[in-house]
There are 2 protein chains.
Amino acid sequence: MRIGIIGAGALGLYYGAMLQRAGNDVHFLLRRDFEAINSKGLKVYSINGNFTLPEMKCYQSATDIGKVDLVLIGLKTFSNRDIINLVLPLAGHETAILTLQNGLGNEDLLATAFNAEQVLGGIAFLCSNRGEPGEVHHLGEGRIRLGELAGKKTERCQRIADLFCAAGVPCETSDDLTRIRWEKLVWNIPFNGLCALTGKTVTDLLHHPPTRQLVASMMHEVIAAANQQRIKTPIDADPFISRMLEMSAAMTGYQPSMMIDRIEGRPLELDAIYAIPLQRATEAEAVMPQVDMLHRLLSVGEN
Amino acid sequence: MRIGIIGAGALGLYYGAMLQRAGNDVHFLLRRDFEAINSKGLKVYSINGNFTLPEMKCYQSATDIGKVDLVLIGLKTFSNRDIINLVLPLAGHETAILTLQNGLGNEDLLATAFNAEQVLGGIAFLCSNRGEPGEVHHLGEGRIRLGELAGKKTERCQRIADLFCAAGVPCETSDDLTRIRWEKLVWNIPFNGLCALTGKTVTDLLHHPPTRQLVASMMHEVIAAANQQRIKTPIDADPFISRMLEMSAAMTGYQPSMMIDRIEGRPLELDAIYAIPLQRATEAEAVMPQVDMLHRLLSVGEN
């Protein structure tokens with residue numbers, strides 16, 4: 001399968017490398033890492049075993065990649081204004097366009113320029129970061145949950161899931177993309193923003209009872225708003241939150257991506273993780289006052 | 001009048017110096033600045049004109065000061081566990097004990113060890129900071145509002161106000177200490193904490209509409225809780241908030257004390273400015289959910 005990777009940060013590089021190693025024809029649009037990878041290949045430091053790809057198909061322009069069967073988008077959402085122009089040269093009528101970006105609004109944005117039937121979304125449970133140019137570090141997890149924007153199981157969706165599984169990336173399909181996106185937000189909304197704002201890790205927030213209670217209370221807000229969306233079965237708040245907190249307790253010292261973005265002076269993914277979910281909540285007559293306050297506090301000083 | 005200054009940071013040094021310059025017999029309990037002031041005196045850099053006090057009565061132990069007519073307390077409230085022991089050696093039966101500390105709870109704490117009739121509270125509108133040892137900088141304002149803990153106007157209260165006025169410190173009395181404390185909290189609660197948490201100045205928060213709205217909304221919460229306390233006349237929220245925001249707009253680039261405490265790695269005055277006001281609100285069946293969230297976020301990582 002001919003695959004194009006748009007947004008080859010830690011996520012795009014890791015999944016692209018896994019797919020190439022499994023024998024797929026993968027094409028990477030690169031910025032920072034172009035020189036390093038083009039001359040020396042990519043080193044993947046993974047909890048599942050390190051490996052090197054001595055040669056990768058690297059590009060500095062999407063036009064040079066040409067049409068592919070599958071576009072995999074790992075772009076940070078604050079670069080979404082570029083997304084259509086980057087995907088256009090890769091997308092034929094049969095191309096599947098899969099966004100693994102954070103938060104809400106990414107599939108809808110793609111559906112404004114492409115056939116909505118072509119668009120899929122995925123939630124990546126991946127703990128990874130970039131090292132030096134030409135390196136990527138896979139630190140934990142890696143599984144993906146996939147769904148069609150149209151909200152039904154399709155053969156194509158299953159084929160893509162099989163492709164990831166065959167490449168060593170656990171992947172399951174869902175017939176309710178809206179629900180799985182909101183499920184992820186139940187974690188991302190409190191932890192990404194609170195860690196970015198306070199400079200404290202997931203572990204710090206959980207060990208301090210006043211912030212642990214705040215995290216749980218914000219999770220309740222998000223679930224109440226999620227259950228007002230068009231999802232097939234409601235999320236059962238108490239057991240879901242217990243499971244999330246238990247899972248988070250195992251992430252010793254974890255710094256969510258937004259915390260790292262802030263530490264490194266990058267923009268924050270506020271639209272995808274806060275503004276659009278808040279808007280969807282309002283449209284469904286749900287309120288998320290604590291989420292709203294967090295969004296306001298994160299937004300000061302951002303553009 | 002024999003006056004003892006406990007807590008000679010920027011506030012204690014500035015007011016003590018003004019009182020000494022006007023001819024009062026002022027005694028300073030010093031820590032950081034003892035050596036510098038004892039050998040070379042104090043330099044006051046003031047918007048109203050610089051001056052030097054070549055000699056000051058400096059002490060390293062409260063016991064050495066002995067009894068005074070007026071104790072003036074400028075201690076940071078996170079050192080309140082020491083306050084009784086520091087004031088005890090200075091307090092005779094006729095001694096007036098005036099706390100100019102931030103927030104709530106300070107007068108009540110003093111009233112647990114001294115006669116409640118001896119205790120006064122004051123709100124200082126002072127913009128000052130310490131420079132090098134032996135220096136203090138008076139950057140703006142300086143006026144004081146004074147009241148008896150017992151909540152009535154007394155001759156003594158007026159005498160202390162006159163003392164400040166005669167020393168060039170505008171000072172007015174109030175017969176409602178609870179109200180003037182809460183009035184100050186309407187400003188301190190949003191701005192101190194939000195600036196400390198975000199690292200942004202008062203001006204930054206006001207120029208960004210989402211945080212400006214948050215500030216106003218928190219002011220509404222505080223006023224609603226204030227109006228549930230035993231105060232003589234309620235605070236009229238809308239005009240009061242308009243006036244506060246207008247006043248704040250003139251404080252270009254201002255960093256509230258809590259923001260500076262956080263930048264310099266000192267503890268924050270969370271009990272006086274958040275925990276006790278939240279408790280008083282709860283006792284009066286008022287809720288301050290945004291204030292509560294801010295308090296939780298400030299408390300993580302504090303002791």
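Predicted model: local features only at pLDDT ≥ 70, side-chain atom pairs only at ≥ 80, totals over all residues.
Start with the layout of chain A. The chain is divided into domain 1, residues 2-175, and domain 2, residues 179-298. The contact between them takes 23 residues from domain 1 of chain A and 20 residues from domain 2 of chain A. Taken over C-alpha atoms, the centres of domain 1 and domain 2 of chain A are 24 Å apart. Between these two domains of chain A, about 1900 Å² of area is buried. Carbon and sulfur atoms give 54% of that area.

Which elements give two or more residues to the side of domain 1 of chain A that touches domain 2 of chain A? They are α4 (106-111), β8 (119-130) and β9 (135-148) of chain A. The largest share of that side comes from β8(A), with seven residues.

One charged pair to inspect is Arg145(A) with Glu183(A). These residues form a salt bridge, and their closest N and O atoms are 2.7 Å apart.

Next, turn to helix α6 of chain A, residues 177-198, where Lys184(A) lies. Side chains of opposite charge can pair when their charged atoms come close. Lys184(A) is buried, yet it has no salt bridge. How far away is the nearest side chain of opposite charge to Lys184(A)? That side chain belongs to Glu141(A), and it is 8.4 Å away. A salt bridge needs a nitrogen and a carboxyl oxygen within 4 Å. A backbone atom lies at 3.3 Å instead: the oxygen of Ala124(A) is at that distance from a polar atom of the Lys184(A) side chain. Leaving aside neighbours within four places in sequence, Lys184(A) is in contact with Ile123(A), Ala124(A) and Phe125(A).

Step back to the salt bridges in general. Over all chains, the structure holds 34 of them. One of these joins Asp25(A) and Arg2(A), with the closest N and O atoms 3.7 Å apart. The pair links distant parts of the chain, 23 residues apart: Asp25(A) sits in strand β2 (residues 25-29) of chain A and Arg2(A) in strand β1 (residues 2-6) of chain A. Asp25(A) counts as partly exposed, at 25% relative accessibility. Arg2(A) is also partly exposed, at 25%.

A further pair is Glu302(A) with Arg262(A), whose side chains meet in a salt bridge at 3.3 Å, N to O. Glu302(A) is in the segment after α12 (289-299) of chain A, while Arg262(A) is in helix α10 (residues 257-263) of chain A, so this bridge ties together parts 40 residues apart in sequence. Arg262(A) is partly exposed, with a relative accessible area of 26%.

Finally, move to chain B. Here Asp261(B) forms a salt bridge with Lys76(B), the closest N and O atoms being 3.0 Å apart. Asp261(B) belongs to helix α10 (residues 257-263) of chain B and Lys76(B) to the loop between β6 (68-73) and α3 (83-87) of chain B, so the pair ties together parts that are 185 residues apart in sequence. Is Asp261(B) buried or exposed? At 1% relative accessibility, Asp261(B) counts as buried. Lys76(B) is partly exposed, at 26% relative accessible area. In chain A, salt bridges that share partners join Lys76(A), Asp261(A), Glu264(A) and Arg266(A) into one network.

Terms used:
Residues numbered from 1 in each chain as written. Chains lettered and ligands numbered in written order. Heavy atoms only, no water. Helix = DSSP H or I, 4+ residues; strand = E, 2+ residues; numbered from the N terminus. Buried < 20%, exposed > 50% of the residue type's maximum accessible area, 1.4 Å probe, protein only. Lys, Arg positive; Asp, Glu negative; His and termini not counted. Polar contact = N/O pair within 3.5 Å; in protein donor to acceptor, adjacent residues only side chain to side chain. Contact = heavy atoms within 4.5 Å. Domains from an automatic or database assignment. Buried area = accessible area lost by both parts, 1.4 Å probe.
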